[in-house]
Amino acid sequence: MTSSVPRLVVAAPSSGSGKTTVATGLMAAFAARGLAVSPHKVGPDYIDPGYHALATGRAGRNLDAYLCGPGLVAPLFLHGARGCGLAVVEGVMGLYDGAAGEGELASTAHVAKLLRAPVVLVVDASSQSRSVAALVHGFASWDPQVRVGGVILNKVGSDRHESLLREALDSAGVPVLGVLRRVDQVDTPSRHLGLVPVAERRSDAVDAVGAMAAQVERGCDLDALLGLARSAGDLSCAAWEPPVTTTGERAVVAVAGGSAFTFSYAEHAELLTAAGAEVVTFDPLRDERLPEGTAGLVIGGGFPEVYAGELSANEPLRKAVAELALSGAPVAAECAGLLYLCRELDGRPMCGVLDATARMTERLTLGYRDAVAVGDSVLAVAGTRMRGHEFHRTVVEPGAGAAPAWGVRAPARRVEGFVQQGVHASYLHTHWASEPGVARRFVERCRTS
């Protein structure tokens, strides 16, 4: 079967060029025109999709050719874009920057080719004039399979500056589809791992997204951009669907949310539901009890280090989590979840499920990882291979339990994480769509534990 959803990939020569402002602004501006807009983000980033969701009213979804494999990119895209009149895909880093040492794999260019989508290049023009033509020409001609269909000039200083840029780009053969002025940049505060998530600044985030939409509406040719999106090629694949394995009574799976735990892929809840779970979200900052009937617990990523005091102060919930884990119930914890299960974080008591301590450091640990399950756990059988991503400025000591979660091959061979009773805790963020058996196995254990 073939399917065609109008779509654009918003890319840039490098990080910091304004991709998030443009992509989020486009999403919100088109949504304000009455279009159903599907928001997507290239790579493993969890924060930008929160702004995308705010702009469109739909779940922000990631497209990661490393975590899920190239073959799942288009099906996952079609799953998220079902019923939409437009999809906007925000790129990652520079257009051709992919997984380290893997060529184009997982780059924005790679995903654009997999989606047969035109690219809009966002260029920070603040320190150049005629040179912009050489820059755009180079990016547009580097890979003939990547179609750069237009450029949006960001941080333009004046009418004179804009005139010089447009004149230079006349010779590059790439149309200018937008110009955003330097004085109109939107304030989106950052922290040690990127933008501050939407959940932590809801009203301010709404204002920021509104400002992005207004900026894009003023500076971009939305009709031309929509026309470019409609020129995308057909995709000859079916939309991804979570495999349904529901049998019997549904098991309640509690999923941590709120301001401290904001990192989650939308497909995880869909996979759990399809496997027979009743997914119930709770907030470890405010809820003193786990949801009624909790049979399993999922604690994803986020910023527990920012909320360590409040998490520690919620002693009733910490005890409830410890009791659930001690009972042998399935508990899956990634990164922030790992820290929450430790004895302490930066000297403050946490759940005490793991005999380990966690603390903030100045060192950023970042990168894709190839991993293999060291032993059987509630998520996988020994030998299961998965790809993951690490992104944190914390350290857990020890870094692995007596029964580690994963063996990691790169950048150095090591074991990592903890498996004990029903607990699987690790720094590794994984995308369960790449291995649907993970959700099925977890829910099955919820029923039998």
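Helix α9 lies across β10, β11 and β12 and runs at about 140 degrees to β11. The model is predicted. β10, α9 and β11 together make a right-handed β-α-β unit.

**The mixed sheet**

These strands belong to an open sheet of six, ordered β11-β10-β12-β13-β21-β20. The pairing in this sheet is mixed. β11 and β20 (418-420) are the edge strands; each has a single partner strand, so one side of each is left without a neighbour in the sheet. Neighbouring strands are turned by 15 degrees against each other on average, direction ignored.

Strands of a sheet pair through backbone hydrogen bonds, either parallel or antiparallel. β10 pairs with β11 (residues 277-282) in the parallel sense, over six bridges. β10 also pairs in the parallel sense with β12 (residues 294-299), here over four bridges. Residue by residue, A256 has F282 of β11 as its bridge partner. V255 stands opposite T281 in β11, and V253 stands opposite V279 in β11. On the β12 side, the bridge partner of V253 is G296.

How much of β10 is buried? Six of its six residues are, so the strand is largely enclosed by the rest of the structure. In a regular strand the side chains alternate between the two faces of the sheet. In β10 both faces are covered. A251, V253 and V255 are buried on one side, and V252, A254 and A256 are buried on the other.

The loop between α8 (222-229) and β10 holds V244. V244 has a relative accessibility of 67%, so it counts as exposed. V244 and E270 are 26 residues apart in sequence, and their C-alpha atoms are 9.8 Å apart in space.

**The parallel sheet**

Another open sheet has seven strands in the order β3-β2-β4-β1-β5-β6-β7. Its pairing is parallel. β3 and β7 (176-181) are the edge strands, and each pairs on one side only. The twist averages 25 degrees from one strand to the next.

Inside this sheet, β1 (residues 7-11) and β5 (residues 119-124) pair in the parallel sense over three bridges. V9 has V119 in β5 as its bridge partner.

α1 (residues 19-32) lies across β1, β2, β4 (86-90), β5, β6 (148-156) and β7. Its direction is at about 165 degrees to β4. α2 lies across β2, β3 and β4, at about 170 degrees to β2.

| Helix | Reference strand | Angle |
|---|---|---|
| α9 | β11 | about 140 degrees |
| α1 | β4 | about 165 degrees |
| α2 | β2 | about 170 degrees |

**Aromatic pairs**

The model has seven aromatic pairs. Take Y46 and F263. Their ring centres are 4.9 Å apart and their planes meet at 5 degrees, so the pair is stacked; the cut-off for stacking is under 30 degrees. Which parts of the chain does this pair link? Y46 is in the loop between β2 (37-42) and α2 (48-56), while F263 is in the loop between β10 (251-256) and α9 (266-274). The two residues are 217 residues apart. Both Y46 and F263 are buried. Y46 and F263 also form one aromatic cluster with Y265 and F303.

Y66 and Y368 make another pair. Their ring centres are 4.3 Å apart and their planes are at 25 degrees, so this pair is stacked. Y66 sits in the loop between β3 (61-63) and α3 (70-81), and Y368 is in strand β16 (residues 357-373). This pair too links distant parts of the chain, 302 residues apart.

Is Y66 buried or exposed? Y66 has a relative accessible area of 6%, so it is buried; buried means under 20%. Y66 has a charged neighbour as well: R387 lies over the face of its ring, at 4.0 Å from the ring centre.

Note on methods
Residues numbered from 1 in each chain as written. Predicted model: local features only at pLDDT ≥ 70, side-chain atom pairs only at ≥ 80, totals over all residues. Heavy atoms only, no water. Phe/Tyr/Trp six-rings, centres within 6.5 Å; stacked < 30°, edge-to-face > 60°. Buried < 20%, exposed > 50% of the residue type's maximum accessible area, 1.4 Å probe, protein only. Lys NZ or Arg CZ within 6 Å of the ring centre and 35° of its normal. Pairing = 2+ DSSP bridges. Axes fitted to C-alpha atoms, helices over the stretch in contact; angles between N-to-C directions. Contact = heavy atoms within 4.5 Å. Right-handed = clockwise from strand over helix to strand, strands pointing away.
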